[in-house]
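Have the sequence and the 3D picture at hand as you read.

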Amino acid sequence: MAQSYVKKDDDRDDEVEYSPFMGIEKGAVLQEARVFNDPQLDARRCSQVITKLLYLLNQGETFTKVEATEVFFSVTKLFQSRDLGLRRMVYLIIKELSPSADEVIIVTSSLMKDMNSKTDMYRANAIRVLCRITDGTLLTQIERYLKQAVVDKNPVVASAALVSGIHLLQTNPEIVKRWSNEVQEAVQSRAALVQFHALALLHQIRQNDRLAVSKLVTSLTRGNVRSPLAQCLLIRYTSQVIRESGNNTQSGERPFYDYLESCLRHKSEMVIFEAAKAITDLNGVTSRELTPAITVLQLFLSSSKPVLRFAAVRTLNKVAMTHPMAVTNCNIDMESLISDQNRSIATLAITTLLKTGNESSVDRLMKQITNFMSDIADEFKIVVVEAIRSLCLKFPLKYRSLMNFLSNILREEGGFDYKKAIVDSIVILIRDIPDAKESGLLHLCEFIEDCEFTYLSTQILHFLGIEGPKTLDPSKYIRYIYNRVHLENATVRASAVSTLAKFGASVDALKPRIFVLLRRCLFDSDDEVRDRATLYLSTLGGDIETDIDVRDFLFGSLDTPLVNLETSLKNYEPSEEAFDINLVPKEVKSQPLADKKAAGKKPTGLGAPPTGPASTVDSYERLLLSIPEFANFGKLFKSSAAVELTEAETEYAVNVVKHIFDTHVVFQYNCINTIPEQLLEDVIVIVDASEAEEFSQVFSKPLRSLPYDSPGQTFVAFEKPDGSPATGKFSNILKFIVKEVDPTSGEAEDDGVEDEYQLEDLEVVAADYILKVPVSNFRNAWESLGPDCERVDEYGLGPRESLSEAVNTVINLLGMQPCEGTEVVPPNSRSHTCLLSGVFIGDVKVLVRLSFGLDGAKDVAMKLAVRSDDETVSDAIHEIVASG
Amino acid sequence: MSPSKLELCPSVKNIILLDSDGKRVAVKYFSDDWPTNSAKETFEKLVFNKTQKTNARTEAEIAMFENNIVVYKFVQDLHFFVTGADDENELILSTVLQAFFDSVGLLLRGNVDKKEALENLDVILLCIDEIVDGGIILETDPSVIAGKVASNSIDSGAPLSEQTLSQALATAREHLARSLLK
């Protein structure tokens with residue numbers, strides 16, 4: 001074999017000449033198809049011509065309607081020939097030509113004759129062809145034959161009828177449903193694939209009848225299903241039944257689990273894997289249920305077949321997201337996969353390990369990855385970098401080795417996306433882990449010494465300008481930055497000049513030296529660099545007291561959204577009046593929509609990237625800061641998720657986000673006008689706070705104009721007692737002026753009518769004052785808070801549907817972060833302990849230990865233990881529960 | 001047909017046979033995911049380029065493209081691919097691939113290369129037709145598939161009788177037995 005392969009490479013040119021389809025042309029082949037009309041049919045020749053036609057179709061050639069009809073008609077003549085091979089090719093080309101209804105009639109009688117032939121091959125194929133091309137009317141004529149074929153003793157014929165039935169069920173369900181009895185009989189067939197096809201059809205016929213499906217599954221799981229494929233199907237149906245039976249069987253074993261587990265010992269790997277996958281997908285699967293499935297998947301990990309290894313590691317990777325502890329047993333096998341030839345397997349193994357690994361294994365793992373990184377493609381490297389980033393945020397103490405790893409790979413070869421992923425990761429680590437700041441900044445400095453990407457250099461220089469001056473010894477960064485002024489292109493040089501100026505502005509001690517450096521930049525060859533240097537020199541050199549505005553403009557962040565600035569500049573017409581940046585609107589348009597889209601997008605592909613740090617809060621904060629009236633409210637404590645205040649598909653869609661400050665609450669109403677013929681102006685929400693006594697309205701900001709389908713925001717602010725978790729109910733009415741819009745010109749009329757629109761009520765609840773903040777080790781955190789401010793009490797929750805329902809209710813009431821997976825209640829438990837952590841308004845850390853017990857019938861009792869730094873906060877938590 | 005209708009039934013999205021330059025030998029698509037010929041060609045190109053350098057000659061290999069699972073195996077200058085949805089059982093797809101691969105091997109009597117495949121394109125197309133029907137797996141046993149295809153490719157110009165048919169089948173079986181022994 002190897003020999004002939006080598007030989008072929010040698011005379012490849014000859015081989016190309018050898019193709020029977022060399023120089024083939026549609027027109028010529030269509031001409032050739034005339035042989036179909038010969039009175040004396042040459043079966044061999046006809047077969048060859050059909051093959052050529054099929055070749056053309058296969059290569060993406062298309063026939064015009066006329067051509068297709070012509071070929072079809074001449075092909076029908078070939079039914080005269082009794083040549084088996086030719087008949088097969090005729091069947092094939094009829095399916096490919098997909099004739100129209102009036103053409104189908106021509107072949108119907110021929111095909112029906114074949115359906116009743118003694119030759120099994122004719123019958124099977126004629127059924128498949130006829131069912132593929134037929135429409136409903138014809139079907140009633142042949143239904144009788146099809147029914148018979150379903151129980152035909154030849155398995156090929158039976159399968160052909162059953163598979164055709166599955167296809168026909170989509171278009172003619174009422175006919176296929178009448179075959180129920182025959183199909184049921186076929187399920188008992190001794191032929192493996194007939195059983196598979198019959199089971200698939202029977203399930204589809206009954207799929208809307210839950211009870212029937214459940215019965216089917218019950219009887220078959222006890223019985224004897226021979227074919228592995230049918231067994232896989234049965235496993236899928238069983239999981240569906242389990243899913244639909246839902247949580248109403250909290251007591252007793254999960255139904256059918258035993259069956260799934262027994263499939264793990266099946267002799268076919270396909271079935272074993274299907275069962276293992278089904279078990280890992282079970283709703284609220286327990287670790288006891290998982291164990292046997294994990295064990296077989298672990299065996300697959302060391303298989304010699306890549307497909308098996310891939311299937312197993314992919315499933316385990318998914319399990320690791322929800323049950324990392326269950327997968328740790330496989331870690332050793334997983335590590336040997338890091339060097340797998342198949343890079344998909346290697347990457348899945350790595351990311352699984354990063355999820356399951358504990359703090360102590362991080363160093364070893366990093367060593368392994370270092371060896372592995374050099375020979376994988378960039379796209380996989382990015383997956384690894386993202387996994388490292390989330391690992392580092394999980395184990396902040398390990399930042400040193402992880403940061404070293406990142407800086408090492410930053411020095412190696414790599415494309416832009418890869419380098420950007422690394423730089424982004426380092427930036428995030430610097431921001432979130434204070435200890436990592438100094439070393440991270442130095443790594444970035446070293447990177448720009450030899451960075452080929454202008455974009456990354458400028459980004460890093462900008463970041464240095466912000467973070468560098470805040471470090472203990474800002475002077476050590478100056479050298480790196482000034483080197484850029486000598487060695488780089490104009491864009492980077494300009495960026496470096498700005499960074500230098502920022503150091504000069506922030507660190508007085510450095511100012512004289514920065515002046516010297518900036519003066520040297522005045523002789524740069526590039527305009528932009530010289531301009532910047534000149535500007536900064538004059539700004540920095542001026543009197544600080546008087547030039548505070550200029551400094552703010554240069555070094556403060558731009559509080560005007562760039563999009564708005566761009567539109568305003570485009571609309572500005574040169575005139576006597578200078579452009580005034582203060583007139584540019586500062587509200588960010590359509591921002592929540594974009595956020596929603598990003599959040600809704602399911603991460604796909606290999607090892608879904610971890611979601612970055614909450615950017616929604618950042619953008620809300622920026623949005624609120626842009627409104628001067630809110631500036632003195634202090635730091636934003638929490639923004640709630642958006643609560644819809646209108647039904648879906650109404651004229652105006654409004655939702656609200658609650659922003660909590662220490663002494664204020666701001667409601668941000670996001671409004672969308674869904675009527676193209678209307679323009680709304682002076683939109684405001686009138687809030688009635690009579691059921692929220694502790695709140696008093698201080699300010700409301702109307703929305704000047706709300707055109708069709710472009711989201712806008714209006715705000716209402718309330719004052720509330722400092723630090724108290726005041727709650728209340730607010731009723732809302734949307735008030736506005738409606739102006740008709742001419743749909744053709746898009747112009748609004750001058751006169752509007754005042755109108756109101758009733759919105760749903762809105763509540764501020766206790767959970768709004770608590771931030772979900774996870775702790776990595778609950779026990780340590782609990783011990784370190786100590787018993788000084790501990791408050792313990794017991795509550796009766798009354799009769800509840802189930803223990804897990806009670807647990808969820810309390811978690812939602814408190815709005816705290818469940819720790820260590822304790823929000824999941826194992827089925828059949830009579831008691832459960834749930835651990836919660838969070839931060840209470842006023843930045844007080846709170847930990848909660850909830851112990852639930854089920855007594856007698858359905859009565860749930862709960863013991864609530866709260867620890868925090870402040871006993872009033874501990875009491876407040878109890879109040880929330882007592883009144884909730 | 002939309003995948004939702006067959007949601008629980010194992011299904012195959014396409015079967016692709018390419019040569020060592022990534023050119024089509026035979027392809028069959030069962031899913032609407034690639035509505036146009038150019039969409040199909042783009043997918044084939046992507047799959048070919050990304051798998052070209054891997055060693056899929058002794059064991060079938062696997063990868064993911066555009067949220068699909070692709071299992072593949074190469075022999076000589078031929079590249080065999082089978083594609084399924086990303087939640088499909090990988091082992092079912094690899095069974096289909098193996099069925100295709102082995103039955104082509106049987107039918108071409110072990111001489112599996114591009115030249116042989118093009119010269120017997122009818123056999124290859126019939127083979128695909130016998131393995132999957134409209135996305136549903138029809139048969140996975142290579143010898144059964146090859147038997148079904150071979151029994152048809154015997155050239156029997158004479159009028160048919162039960163006897164010539166059984167003769168034809170006998171010859172086919174003999175061929176198969178020989179090729180299996182190779």
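**Where two chains meet**

In this predicted model, the side chains of A:R128 and B:E130 come together in a salt bridge, with 3.9 Å from N to O. (A salt bridge here is a side-chain nitrogen of Lys or Arg within 4 Å of a carboxyl oxygen of Asp or Glu.) Across the interface of chain B and chain A, the rule finds 10 salt bridges. Which helix gives the most to the side of chain B that touches chain A? That is helix 4 of chain B (residues 121-131), with 6 residues. Helices (H or I, at least four residues) and strands (E, at least two) are DSSP runs, numbered from the N terminus.

Now step back to the whole interface. Here 68 residues of chain B are in contact, meaning heavy atoms within 4.5 Å, with 69 residues of chain A. About 6,000 Å² is buried between the two chains, and carbon and sulfur atoms give 56% of that area. Buried area is the accessible area (1.4 Å probe) that two parts lose on being put together, summed over both.

Next, look for the sheet in chain B. It is an open sheet of 5 strands in the order 2-1-5-4-3, with antiparallel pairing; two strands pair if DSSP finds at least two bridges between them. At the edges lie strand 2 (24-29) and strand 3 (61-65) of chain B, each pairing on one side only. From one strand to the next, the twist averages 20 degrees. Strand 4 (residues 68-75) and strand 5 (residues 78-85) of chain B run antiparallel and are joined by 8 bridges. Within this pair, B:Y72 stands opposite B:F81 of strand 5. Chain A comes in here too: its helix 19 (residues 306-322) packs on the sheet and touches strand 3 and strand 4 of chain B.

How confident is the predictor about chain A? Its mean pLDDT, the predictor's confidence in each residue from 0 to 100, is 82, and 90% of its residues reach 70 or more. Confidence in chain A is highest in helix 17 (residues 269-280), at a mean of 95, and lowest in helix 35 (residues 591-600), at 37. Over residues 1-15 of chain A, pLDDT stays under 50.

Residues are numbered from 1 along each chain as its sequence is written, while chains are lettered from A and ligands numbered from 1 in the order in which they are written. In this predicted model, local features need pLDDT of at least 70, side-chain atom pairs count only at pLDDT 80 or more, and totals for chains, interfaces and linings use all residues, while side-chain values use heavy atoms, leaving out hydrogens and water.

Conventions: Axes fitted to C-alpha atoms, helices over the stretch in contact; angles between N-to-C directions.
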